[in-house]
Structure formats: structure tokens, C-alpha cells
Amino acid sequence: MKDRRNCVRHTVAFVVSSFLLTTPGVVLGQVGNDRVPGDDWMRYVDVADAGFDATLLAAAKTTWEGLPSSAFLVIADGAVVAAWGDVDRRFMCHSVRKSFLTGLYGIYWDRGEIELNKTLADLGIDDDPDPLLDTEKQARILDLLKARSGVFHPAAYAGRTDSRPRGSEGPGRYFAYNNWDFNTAATILMRETGSDIFEAFDEHFGEPLGMEDWRVSDGYYHYERDKSMYPAYPFRLSARDAARFGLLYARLGIWGGDRILSEHWVRRSSALYSIDTEVMGYGFMWWVLREPRFTRHGMFAALGVGNQMIAVLPKSDMVIVNRANTYQGEGTPMLALLDLIEQVLDTRTGSSVTNPTLTALGETADPLITAVSDDQLSEMIGAWDFPAPMLGLNSFTTVEITAGDGHLVMQSPVSGTFKLYLQEDGSLHEEDSHERYIPVRDSAGVFAGISDIGSIAIAAVTAATQGRSEHAEFALSLVAGVENVRVGAARAIVALLEGRREDAKRIVQQLAERSDPQEVEAEVNAVGYALMRNQDLEHALQVFQLNTRVFPEASNTWDSLGEALMNLGRNEEAIRAYERSLELDPSNANARAMIERIRGG
């Protein structure tokens, strides 16, 4: 990970001469409120040196291991107390990006290069295809930073969207979490300063804070021009780099003795301007915790989909980072995450010592990163429709593939830029997401593009529903050596739709023996619902029936079967399926409601 920069980080490196060297790789620390990471994060050899109880912290780790979270990092007094999971892996930041943006606003506001009271009208901001109302153009930059613009306009990359009728609220009067404000604020910053968001982040935070994993190519502009002309600006960032950004805010804008942001901006942007829930309010693109268990630490947080979190606790000189693997749909439940943070805080039972023993945190290497000769990659270089048209699916984008340093680089307008590494079996391993791609070739063996495993599985099932068995088998042949739940489910469903019911049952049973049965059941169920959304009700019914045959004691399989039967008008059979679901899970309110609905209708 250190190949990103070879230059000396002149403002942030540990001053090695200020440490007393002991055993190799181990140093004694500096005063806590001055300590920042250099080339590496340093961790406490004994967490008691930071005032933490090791037994209680181990119990907190057990709690974390029970949560859907892929990385969790605890920083106290500028060094690592706990590093659980893939803390050096770049995950999608989602809405955490907004806190990065408000940090950039602070840089330029501190310099006097941006005026927060300028209105959208002053700035010449409008939108297309749906123009702004004159009243909406009176919103100021300041209103956008607070999510109080009163502009309820569709936006790209929208997750949570608080909306009201257009023009119903004047600027500044109403808090509404809406990506239009955040996306437009990024465009305004670029226009006013002439700076690219990702290059500016690198210049003002990546380089000065010594981020280890971040690269400018880890950000991209995500357009949805049917909604708005203003793009979102997704980031990928590792937990350990996110913690550097959080530590800057915990230190009120100072990093290793250098002023990066003014204390005024840090306090102003993390102040409470809006109440969202009993638990949280909102500042300038930072969430402010309102519960007493967190207010005593002065906690505010950057949050994103899946509950990506950079929690900043300036009163305790702590930063806590959570990362969820949203590449795979993972999300950490918010209430459980907050309870875990409280548990971690309660493990700090004493004071930190002046000179703790520290050692480098280190990192884990991805074993699937390879370097191969250029001639092994040359056929894949170029622009390709994605997924490869030969699969029979509609291609929804075009990817540009280039090569360098023994690997490929794929740039996509819908997901950004990732490196791809060629494996011995001919597949491609994508960094960060760990997605697996398969080269697709025509009948003559000529390379025709790449596809992810999920698209290949969908192509196989789609062909089977259309009676195109030969094409379904072609798609499955591309993943002949792949053993995972999605591919296994596709194999089973193709067999089912080709009339091989017992083969289908056997494949799912074997899959459940090798993998988590709940994951297998959910994957088969997901295919059934996809077919039902496409109005392919008969095939959906067959899939749900397969699931009840393999998982007869799972309430969810019978509930789904009931829904398929009800949609086909087979109400008596639907009632019996829902009743079976209730027998297995008496708390299933949906099954009870559906029975009442059928009988009442």
C-alpha cells in the first residue's frame, strides 16, 4: 500500500528522533494530544497504556464479530486501540463523502475564497431537465451545507430523500436530507475555486494527513442526467485513512502541529442546526449525536449507506470508524452500532500514560493481487459493452479497460475505477470489491468483453425461462469452476426450469451443506422474487416450491410461496401456505395480514 507516494510527508510524519527506540519496530510514544500517524498508524502494545481494559475490550470485539461489519477501528490519543477486520481495504463511503466536501469548503472558506451567503441565483445555478423555481434560486450555499435549501429536486445517487412539494418551503426554513443539495454544493465548490473535488481532497487532506490507501482514482462523478445535471461524487476509502480524517476533526483542525482547518470551521460545521431524530441532528454535512452517552464525548459523525461511520469524539480525543461491505449488500444496524460504540467507550476505565509503548499497525496483503506479462492482457484492452452482449442481457454501460504494471484498470461511468488482476484460472479479481469477472469469448474464442458472476447467473436463469437451454448452458459454462451461492442457485434453477426437478433439489441441498443454509435459501428466494417482478409468475412459483421442498422448516419459504399463489389467484392454496408459515413462526405478521386480506377480499 505504500507505493502510492515515495515523497517525504513534511508536515505529518512522526519525528522519529523524538521517540526513544526500544526493541526493533517498537517505540515509546509522544504526548497523546500531539500524536498523529506517520507512514503507518501506530498501535498500543498494551491497551492499558491508553486507559482501556483489555478484558472488556475483548468482550466488545465479540460483540462486533456478531454484527454485519467488515472493519472497525478505535483510535485514542492518536494511536490504535483496536483494529478489527479489513481496516486497510477501500470500501465505498456513500454519504460519508458529504463530510469530506464540507471539509473542503472549510479549506476555501478559511482562505476567503468562497462566500457562503451567495445564492443560487448569484451563482447562476439552474438545473436540467427540470428547471429551478425562482424562489428556490434564493437558497444560499449555507443552506445547502445545512440541507435546508428548500429545493426538493430529483438528484443523482439518491439514497434517503426527504421531499415535499416543490416551492412549499423557503430557503433555510426546513431540514430535508436530499442529495440535490449535496451534489449541487460540490459543483458550486468546483466552479468557485476551479478545483476538482478529488484532486482537492488529495491536496488538502490525502497528502497532508499521509493517507496510506487513498488515490485520486478512488473517486468518480456519478451522473443521472434524467434527474439532474449535477453529479454525485462517490469516494472509496479505507478505515485507516478515514480515521486520519476523523482525527483531524477530533484535534479541531490541527495535525501534528500544523493548522489544516480553522478551529472555527470545525466547531461551526459540527454544531447542531437541525433536529432529525431523538438520537441525531445535523450540522454542515456532519451528523451530531444527541444522546447523553455520546454528548459527553462531544460526538459527531460522518455517516453513509450501510452505516459507514467516522465518529469523532473531540472531548475524549478519540475516533471510531465502522465500515460495512456494501459491495456485497452488507449493512450494520445503527442501534447495534451505537450500542457497540458505547460498549467500547465503557472499556476506557483509566487514564493514558505519558509514554505508551507503540508498534506499527501493519497491513494485510490481498493474496489475489498478481502481476503478469502485457501479452496476457492485451486482448482485453479497449472499450466494451457491459455486461458482454453475448450473454443475452441488455448492456447498461460501457467500460474502458487499460493495462499497466502487470494488471488491468477498468473505468466505469457507473462504478468508478478499479484495478483487475488476472488469476491462474483466467478470471479477473477486482481490488477492493473483490468481485470476480469472467472473460467472455465468442464461438471462435475471440475476446468479446467481461461480465461479473452475478450477471452470468442472471443470464443463465433468463435464458432458461425463455426455453433457450443451449444459451443457459453456455452461460453456466463460463462459471463452470466457480463455487459460490449465486452460481449454485442459478445452476439449480436452470435445472428446475428445464424439468429436472430432482437435480435442482439435489443441487440446492448440496449447496446448503457447503454454505450457510440461510444464505442459500435467501438466494433462491431472491431469484423467485426477480421472476415475479418480471410478471413471470409460473416460473416464480416453481422456484418458491423448490425452496419449500429443500427448506420445509423455514417460515420465509412458505410466506413467499403464499405470495406467488395469491398473485396467481390460487387463494385457498395461498392461505394454506401462509398458515404453514405461521405454524413455523407465529410472529409472522405478514402471513397473518395476507390471510385476512384474502378472506376479506
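Which residues have the most contacts inside the largest nonpolar core?

## Basis of the model

This is a predicted model, in which local features need pLDDT of at least 70 and side-chain atom pairs count only at pLDDT 80 or more, while totals for chains, interfaces and linings use all residues. Residues are numbered from 1 along each chain as its sequence is written, and side-chain values use heavy atoms, with hydrogens and water left out.

## Nonpolar cores

The residues with the most contacts inside the largest nonpolar core, which has 110 residues, are F72, Y105, F205 and I320. A nonpolar core is here a set of buried Ala, Val, Leu, Ile, Met, Phe, Trp, Tyr and Cys residues joined through side-chain atoms within 4.5 Å, where buried means under 20% relative accessible area, exposed over 50% and partly exposed in between (1.4 Å probe, protein chains only). Helix α7 (residues 239-250) supplies the largest share of this core, eight residues; helices are DSSP runs of H or I with at least four residues, numbered from the N terminus.

With neighbours within four places in sequence left aside, F72 is in contact (heavy atoms within 4.5 Å) with residues including W64, W84, I320, L337 and V344. Another core, of 61 residues, lies apart from the largest one, and among its members are A489, V527, M532 and L582.

## Packing of α17 and α18

The axes of helix α17 (residues 555-567) and helix α18 (residues 571-584) come within 8 Å and cross at roughly 165 degrees, the axes being lines fitted to C-alpha atoms over the stretch in contact, with angles running from 0 to 180 degrees between N-to-C directions. That makes α17 roughly antiparallel to α18, a term for angles over 145 degrees. Among the residues that meet are W558, L561 and L565 in α17 and A574, Y578 and L584 in α18.

S515 lies in the loop between α14 and α15 (517-533), and because its relative accessibility is 23%, S515 counts as partly exposed. Leaving aside neighbours within four places in sequence, S515 is in contact with V485 and V520. The C-alpha atoms of S515 and E483 are separated by 10.0 Å, although these residues are 32 residues apart along the chain.

Definitions and conventions: Helix = DSSP H or I, 4+ residues; strand = E, 2+ residues; numbered from the N terminus. Parallel < 35°, antiparallel > 145°, perpendicular 65-115°, else oblique.
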